[in-house]
Amino acid sequence: MEILDAYVDTGPNPQAIINIFNGEWSSKMPGKSGLTSLPGTAALFEDNRIDWLSSVIGGFQNKKILELGPLEAGHTYMMHNAGAKSITAIEANSRSYLKCLCIKEIFGLDRAKFVYADAMAYTAESTEQFDLCVASGILYHMIQPVEFIEHIARMSKTIFLWTHYYDESLKERENLARQFETPHEIKVSGKTYTVCKRNYEQALKWAGFCGGSKPWALWLTRDSLFSALESFGLHITMISFDELNHQNGPSIALVASRK
């Protein structure tokens, strides 16, 4: 890249802002915006999972929300437009963080605050309380997933998780099997959980990579995920988007609340 390529020679144009990260976008921009983000295949600004969450919890109106791993602020945009009182969004990937700031500016998300920090470190240190914690697409990028659940259970009355989990059926999926090692047990606070190490491999070479901060992560099994939630005082109230055959691995969306 030549340094002069970093300059714009047009008047104000939201598309020019999006083009700063051309080729790195995971999210497709809202249909009504008229903006194009490349490759932008995921409809995160018009996500059925967030619509479902809203229907389950009685909407986002006047809620103080902690969002972990906002990626490109698609869910932030939806919750903000649905009346959230405030959204504190924690993003560790510098490229994703800057994309979130671009989205905040383009769409005027004035009740959202984006914090450049590691979600695990933030939740371990913070004493703040929230009405709702939204952790979509982040748990399966953790190297300490059980401790992560412990932290968010302490910080919020209600938790929304969308996550992948490990299942033995992954061994039969050629496109995914090689990324996973042998499942093993870990102990946290005296309790045992089953996890499987997943290696990112070639995904690390893409500038738009949106995984964890290490070259690997630990995926909980479904049973261990449920067990961890219960261990830290969270009762699962609703489950949806339960997809054993999701293209990227078994996945589930759930809402859990403190007992």
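Predicted model: local features only at pLDDT ≥ 70, side-chain atom pairs only at ≥ 80, totals over all residues.
How many bridges join β11 to β12, and do these strands run parallel or antiparallel?

1. **The β11–β12 pair.** Seven bridges join the two strands, and they run antiparallel.

2. Seven strands form an open sheet in the order β5-β4-β3-β6-β7-β12-β11. Its pairing is mixed. β5 and β11 stand at the edges with a single partner strand each, so one side of each has no neighbour in the sheet. From one strand to the next, the twist averages 15 degrees. Strands of a sheet pair through backbone hydrogen bonds, either parallel or antiparallel.

3. **Helices across the sheet.** α6 lies across β3 (64-68), β6, β7, β11 and β12. Its direction is at about 150 degrees to β7. α8 lies across β7, β11 and β12. The angle between α8 and β11 is about 155 degrees.

4. **A closer look at α8.** This helix spans residues 222-231. Its buried residues are Ser 224, Leu 225, Phe 226, Ala 228 and Leu 229. They pack against α6 (145-155), β7, β9 (191-199), β10 (216-220), β11 (234-243) and β12. Just after α8 comes Gly 233, with a positive phi of about 80 degrees.

5. **The largest nonpolar core.** It has 39 residues. Leu 53, Phe 60, Ile 65, Ile 103 and Phe 160 have the most contacts inside it. Several elements give two or more residues to this core, including α2 (48-57), α3 (74-81), α4 (94-107) and β7 (156-164). Strands β4 (86-91), β5 (112-116), β6 (130-136) and β12 (251-258) are also among them.

6. **A second core.** A separate core of 37 residues includes Leu 68, Ala 119, Met 142 and Leu 218. In soluble globular proteins, nonpolar side chains tend to be buried together.

7. **Ile 103 as a worked example.** Which residues does Ile 103 touch, leaving aside those up to four places away in sequence? The set is Ile 18, Trp 25, Met 29, Phe 45, Glu 72, Ala 73, Gly 108 and Leu 109.

8. **Cysteines.** How many disulfides are there? The count is zero. Take Cys 133: the closest cysteine sulfur, in Cys 100, is 15 Å from its own, which is too far for a bond. Cys 133 is buried, at a relative accessible area of 1%. Cys 196 is also buried, at 0%.

Technical notes:
Residues numbered from 1 in each chain as written. Heavy atoms only, no water. Core = buried A, V, L, I, M, F, W, Y, C linked by side-chain atoms within 4.5 Å. Buried < 20%, exposed > 50% of the residue type's maximum accessible area, 1.4 Å probe, protein only. Helix = DSSP H or I, 4+ residues; strand = E, 2+ residues; numbered from the N terminus. Contact = heavy atoms within 4.5 Å. Disulfide = S-S within 2.5 Å. Pairing = 2+ DSSP bridges. Axes fitted to C-alpha atoms, helices over the stretch in contact; angles between N-to-C directions.
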